[in-house]
Amino acid sequence: MFNTKKLTKLFAIGALALGVLVVAGCGDDTSKETKVNPDAKVINVATRGTVRPYSYTDDNGNLTGFDVELLKEIERRNPDLHFNFKPMAVDAAFVAMDAGQVDMIANQMRRNPTREAKYYYTNEVNNYSTRKLVVKNDRNDISKLDDLKGKKIAVTTSSEFNELVKQFNETANPPIDIIYTDKAGAETLNLVATGRADAAGEYEYVINSAIKDRGLPLKAVGDVLAVVPTYFLSKRTDDMKQVNEKIDKTMKEMRADGTLKKLSEQYLGGGDYTFDPTQK
């Protein structure tokens with residue numbers, strides 16, 4: 001025969017224990033959440049969200065990458081700022097910024113005179129991108145642009161590499177056959193890996209990431225073709241000028257305390273790309 005008093009006591013103890021576990025679990029989850037200051041200035045940031053290792057969605061559905069985590073760290077150190085990310089292509093990002101829908105673009109932005117006349121750049125360099133040729137890992141016939149005469153190369157329309165190849169083609173005979181894409185390294189590297197292009201010109205850590213994370217049969221070859229410093233780019237307003245000044249000040253601190261280097265090593269293929277490699 002059951003002892004009802006004893007059984008009731010056991011249920012009570014079990015419920016109490018479960019309650020403690022639930023409370024403890026909730027406490028752990030809350031401690032891991034990033035709390036946003038409700039009074040913080042919201043900066044809407046356009047970022048690709050599809051390009052490793054700068055800005056992409058991880059296996060848990062979270063937006064991450066070097067550019068994204070850099071701004072998240074700046075926000076942690078400046079709780080009066082909150083960066084709200086909006087994934088979109090670069091061309092769409094400029095349209096959105098001109099329409100007042102976003103305030104900043106975080107997408108490995110390089111300086112050029114046309115953009116500088118219309119927008120603000122941060123002064124501190126996010127990282128230096130070293131661009132090299134990339135080919136399938138079983139090819140040994142290509143190591144420089146001269147080897148690509150009459151062959152196909154995949155090029156991102158908005159990249160500085162596009163200008164480099166077009167300039168080369170002014171005197172090349174036969175010229176390099178250019179395959180254009182607006183989908184950045186994700187597409188150019190696929191074109192090379194599948195044999196639809198003989199080569200592409202990509203940032204070295206993008207190549208390393210594609211080999212490591214996606215298992216693409218690629219390799220970087222030849223000398224460095226270009227070293228490109230990258231920045232954040234924003235609307236040309238007094239408010240964003242002040243935000244940029246705060247970003248620059250914080251990035252100087254991050255560079256000095258080693259945080260910028262750690263982010264580079266974590267997201268950019270294990271290397272420190274936060275200094276100019278030509279100034280070693």
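**Entry 1: the cavity lining**

I sorted the residues that line the largest cavity by class and got 7 nonpolar, 7 polar and 7 charged. The model I am reading is a predicted one. I then looked up how much space the largest cavity holds, and the value is about 350 Å³. Its lining has 21 residues, and Asn107, Gln108, Ser158, Ala184 and Tyr203 are the closest to its centre. I also noted how many cavities of 30 Å³ or more the structure holds: there is 1.

Which elements supply at least two residues each to this lining? I wrote down strand 6 (104-109), helix 6 (184-193) and strand 11 (199-203).

**Entry 2: glutamine 108**

Glutamine 108 came up among the residues closest to the centre of the largest cavity, and I looked at this residue separately. I placed glutamine 108 in strand 6. Is glutamine 108 buried or exposed? Its relative accessibility is 8%, and the cut-off for buried is under 20%, so glutamine 108 counts as buried.

I checked its backbone as well. The phi angle of glutamine 108 is near 50 degrees, which is a positive value in a residue that is not glycine.

**Entry 3: the largest pocket**

I turned from the cavity to the pocket. The volume of the largest pocket is about 200 Å³. I counted 13 residues in its lining, and those nearest the centre are Lys212, Asp213, Gln266, Tyr267 and Gly269. Two elements give two or more residues to this lining, namely helix 7 (204-214) and helix 9 (259-267). Which element gives the most to the lining? I found helix 7 to be the answer, with 4 residues.

By class, I have 4 nonpolar, 5 polar and 4 charged residues in the lining of the largest pocket.

**Entry 4: helix 2 against helix 8**

Next I looked at helix packing. Two packed helices are described by the angle between their axes and the distance between the axes. I read both values for helix 2 (residues 66-77) and helix 8 (residues 238-257): the angle is about 100 degrees and the axes are 10 Å apart. Angles from 65 to 115 degrees count as roughly perpendicular, so helix 2 and helix 8 are roughly perpendicular to each other.

Which residues meet between these two helices? From helix 2 I listed Leu70, Leu71, Glu73, Ile74 and Arg77, and from helix 8 I listed Ile247, Thr250, Met251, Glu253, Met254 and Asp257. The contact of helix 2 with helix 8 has 6 nonpolar, 1 polar and 4 charged residues.

**Entry 5: helix 8 against helix 9**

I then followed helix 8 to its contact with helix 9. Their axes come within 5 Å and cross at roughly 80 degrees. Helix 8 is therefore roughly perpendicular to helix 9. On the helix 8 side I noted Met251, Met254, Arg255 and Asp257, and on the helix 9 side Thr259, Leu260 and Leu263. By class, this contact of helix 8 with helix 9 comes to 4 nonpolar, 1 polar and 2 charged residues.

I compared my two lists for helix 8. Met251, Met254 and Asp257 are in the contact with helix 2, and Met251, Met254 and Asp257 are also in the contact with helix 9.

**Entry 6: valine 155**

Valine 155 sits in strand 9 (residues 152-156). Its relative accessible area is 0%, so valine 155 is buried. What does valine 155 touch, leaving aside neighbours within four places in sequence? I listed Phe161, Asn162, Val165, Ile178, Ile179, Tyr180, Thr181 and Thr188.

I also checked one distance. Valine 155 and glutamate 187 are 32 residues apart in sequence, and their C-alpha atoms are 9.2 Å apart in space.

**Entry 7: cis peptide bonds**

I looked up two cis peptide bonds. One runs from arginine 52 to proline 53, with omega near 0 degrees. I found proline 53 in the loop between strand 2 (50-51) and strand 3 (55-57). Another joins asparagine 173 and proline 174, with omega about 0 degrees. Proline 174 is in the loop between helix 5 (160-169) and strand 10 (177-181).

**Entry 8: the whole chain**

I finished with the totals. The protein has 9 helices and 12 strands. Of its 280 residues, 45% count as buried.

Notes:
Residues numbered from 1 in each chain as written. Predicted model: local features only at pLDDT ≥ 70, side-chain atom pairs only at ≥ 80, totals over all residues. Heavy atoms only, no water. 1 Å grid on protein atoms, 1.4 Å probe; cavity = no way out; pocket = protein on both sides within 12 Å on 5 of 7 lines; lining within 4 Å. Points joined across faces, edges and corners; volume = space filled by probe spheres on them. Nonpolar A, V, L, I, M, F, W, Y, C, P; charged D, E, K, R; others polar. Buried < 20%, exposed > 50% of the residue type's maximum accessible area, 1.4 Å probe, protein only. Axes fitted to C-alpha atoms, helices over the stretch in contact; angles between N-to-C directions. Parallel < 35°, antiparallel > 145°, perpendicular 65-115°, else oblique. Contact = heavy atoms within 4.5 Å.
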